[in-house]
Amino acid sequence: MMSRVYHMHVFVLILSVHCTISEEDNDEDVEMEDVDDDDDTTSISNVPDPYDMVYSKLPTNTHKLKSVEDCKHCYAKKFERESMGFCCRKGKIKLANPNTPPELMRLWTSADSDSRHFRDNIRFFNGHFSFTSLYCHLDSDTTNISKHPIYTFRAHGQMYHNIRSFGKQDGLDRSHLELYFYDDDPSLEHRYRSCRKEQCQKDKEVITQLVNILHGNPYSEHLRSMGHVDDVDDYHITLNLDQRMDQRRYNTPTTSEVAAVWVEGSERRRQFENSVILQGKNRDIYGIKSYHGCYDALSYPLFFPRGELGWHTDIPKEGVPYETVMAARAARLAHGHNNRSSNPFGGRLCVSVRDYYCYKLQMRPGIFNPILFGKRLFQQFADKIRADLYQGLVDSLHAGEGRADSVGKRTVLATSFIGGPRDMRRRYMDAMALVRRYGKPDIFLTMTCNPNWDEIRQELYPGQTPQDRPDLVVRVFRAKLEELKNKLLKKDILGKVRAYVYVVEFQKRGLPHAHFLLIMEGRYKLTCPEQYDRLISAELPNKKKYLELYKLVVKHMMHGPCGALNPECSCTKGRPSCKNHYPRPFNAATLQGKDSYPLYRRREDGCKAMVRKEWLDNRWVVPYNPHLLRYFNCHINVEACGSIKAVKYMFKYI
């Protein structure tokens, strides 16, 4: 799946897929030891350094986001530069607050040993109690802690949540919804079989608690009744896929609203409009789609322990009577099947899928939101809220399921579908049109989110790390990105910009980063090494003159170590040398390169720093602008660029 182009709403950032960037951008803390001080190399010389101009006018403080008031309508936490309607459309969206049982809330928040075990193994426990089975192609590198120290849930292609009939099969243990049949058995032997040998006792303690917590789940109540029947093969379970509630007031369905159990041969009325019938005589598989109201409750019971509904097509906006939405729905069912121009979701009456999850993923004081405590399960949940949930595509899928004349017909995504093939081609052609009109790009800039920004750390709940909160990371990054645009385009920190293009992507370990191409006005174009040296440095600064800048260069702008120093580094693994050509050669002065990128000045001055247990010198420094690095405190690579190849790199997924 191609990477997503930046959208004005931060929600698009959460749903984007991941990719890597060309330069090192590791924000983990590094040791900052130096070689012993030498008066000839580290003391401040009385002779002015002709190359010090690049360090002039450094900011004295790092940028901090301004505090803004919470939303006056829904009381959600707001960050600087977020639109007023980002959380609730200025009061037009109102949904019932989650009602988490106290016992489950303790597991989500407590520092007790069983609670920590629950959270550290949250995907295991959710999968164990999920009514559906998850099918997807996971990236083994980012989900294997031994290979990748920062866990990132990264799926290739589509994710599927399927539910299976409960017929017996020789040699196959019961799993998923079938396990609920036997939850009234005090021994819980059927569930303990899934416990992992190395953590068996801890798993049993948590499973026992979760069985008791989920006794109040309406799906669990139906399924437990199956454990008391003599011949399961004769029974059928009908799951209601078309639940609809006024989620502004309540969101927990009753047992009779979610499912029905009946015996083969008995008189059965059609109880639900849209349903799945599970049988005891086969193992048929049925897909649970993202637009079914029961999707979240069946797939994530630890987030929705009372069977609370997720998004569906008929959730009224605030001020819209529920009866009006139901009347519009009835009219559509009666007259709209063959009318392709009719809006299948009630137009402006109902909550869109984007607005629904934007509301659900907010931080509100005094309201406990289990999703925000979900750690790795939150990453999985966020990954499923992706482009296939956007309103236009969901409309098409639902229309195909509800109208026979639409089934099996090809759907072409319009250019308005962010990240689609037509959208990417359009953006690439727009960028090339700018190059044709204003000339080749002059500066290529990459900014990567720093997960240790104070604004992120301050909002984490106790015991959390930035990787546990992708929502928080991208919201802060977006605010910082807007400030970067202000610096580049209004304050002209690198000179007057005539035209620009930028995209936002996610790197492999889950951090967002932005690529900018800047086309400068005539007098600010970079045409010679002297001009490069005024904006870009590829050296460690003098530690005594620029201590804070020195620390930031060592932390954010040192590539590697890789190559012979670390053959297992991602840029070297499986290759004879670093794919980014580090370490670069020493250069006494900046030279014009052959491939449109300069050979930056990297003097052999003896200055070294300890980075991830290796001594690195100027050959390992990623080019940067001192002002921007000091101001934003993150990896911010700045390169002089004179080739249109950079445009193709920006849109490399078309």
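User: How far is the sulfur of C562 from the closest cysteine sulfur?
Analyst: The gap is 3.7 Å, and the partner in question is C571. That is too far for a bond, because a disulfide here is a pair of cysteine sulfur atoms within 2.5 Å.

User: What kind of model is this?
Analyst: This is a predicted model, where local features need pLDDT of at least 70, side-chain atom pairs count only at pLDDT 80 or more, and totals for chains, interfaces and linings use all residues. Residues are numbered from 1 along each chain as its sequence is written, and side-chain values use heavy atoms, with hydrogens and water left out.

User: Back to C562. Buried or exposed?
Analyst: C562 is buried, at 1% relative accessible area. The cut-offs are under 20% for buried, over 50% for exposed and partly exposed in between, with a 1.4 Å probe and protein chains only.

User: How many disulfides in the whole structure?
Analyst: The search finds zero. C358 is in no disulfide either; its nearest cysteine sulfur belongs to C87, 8.8 Å away. C358 counts as buried, at 2% relative accessibility.

User: What's the mean pLDDT of the chain?
Analyst: The mean is 82, and 80% of the residues reach 70 or more. pLDDT is the predictor's confidence in each residue, from 0 to 100.

User: Where does pLDDT stay under 50?
Analyst: Residues 337-346 are one such stretch, with 20 contacts beyond four places in sequence in the model. Residues 387-393 are another, with 24 such contacts. A contact means heavy atoms within 4.5 Å. Where pLDDT is low, the coordinates should not be read in detail.

User: Sheets next. What is the strand order in the three-strand one?
Analyst: β4-β3-β5, an open sheet with antiparallel pairing. Strands pair if DSSP finds at least two bridges between them. The edges are β4 (259-263) and β5 (275-279), each pairing on one side only. Neighbouring strands are turned by 20° on average, direction ignored.

User: How many bridges join β3 to β4?
Analyst: Five, between β4 and β3 (residues 235-240). I237 stands opposite V261, and T238 has A260 as its bridge partner. β3 also has five bridges to β5, where H236 faces Q279.

User: How many residues of β3 are buried?
Analyst: Six of six. Both faces are covered: Y235, I237 and L239 sit on one side, with H236, T238 and N240 on the other.

User: Which strands form the four-strand sheet?
Analyst: The order is β8-β9-β7-β12, again open and antiparallel. β8 (497-506) and β12 (636-640) are the edges. The twist averages 15° from one strand to the next. β8 and β9 (residues 512-520) share nine bridges, and Y502 pairs with F516 in β9.

User: Which helix lies across β8 and β9?
Analyst: Helix α16 (residues 421-438), running at about 155° to β8. Helix α18 (residues 470-489) lies across β7 (443-448), β8, β9 and β12, at about 10° to β9. Axes are lines fitted to C-alpha atoms, for helices over the stretch in contact, and angles run from 0 to 180 degrees between N-to-C directions.

User: Why is α20 called largely enclosed?
Analyst: Because seven of its 10 residues (547-556) are buried. Among them are L549, Y550 and V553. The cover includes β10 (609-611) and α21 (626-632).

User: Last one: where is R376?
Analyst: R376 is in helix α14 (residues 376-384). At 30% relative accessibility, R376 is partly exposed. R119 is 257 residues away along the chain, yet the two C-alpha atoms are separated by 8.4 Å.

How values were computed
Helix = DSSP H or I, 4+ residues; strand = E, 2+ residues; numbered from the N terminus.
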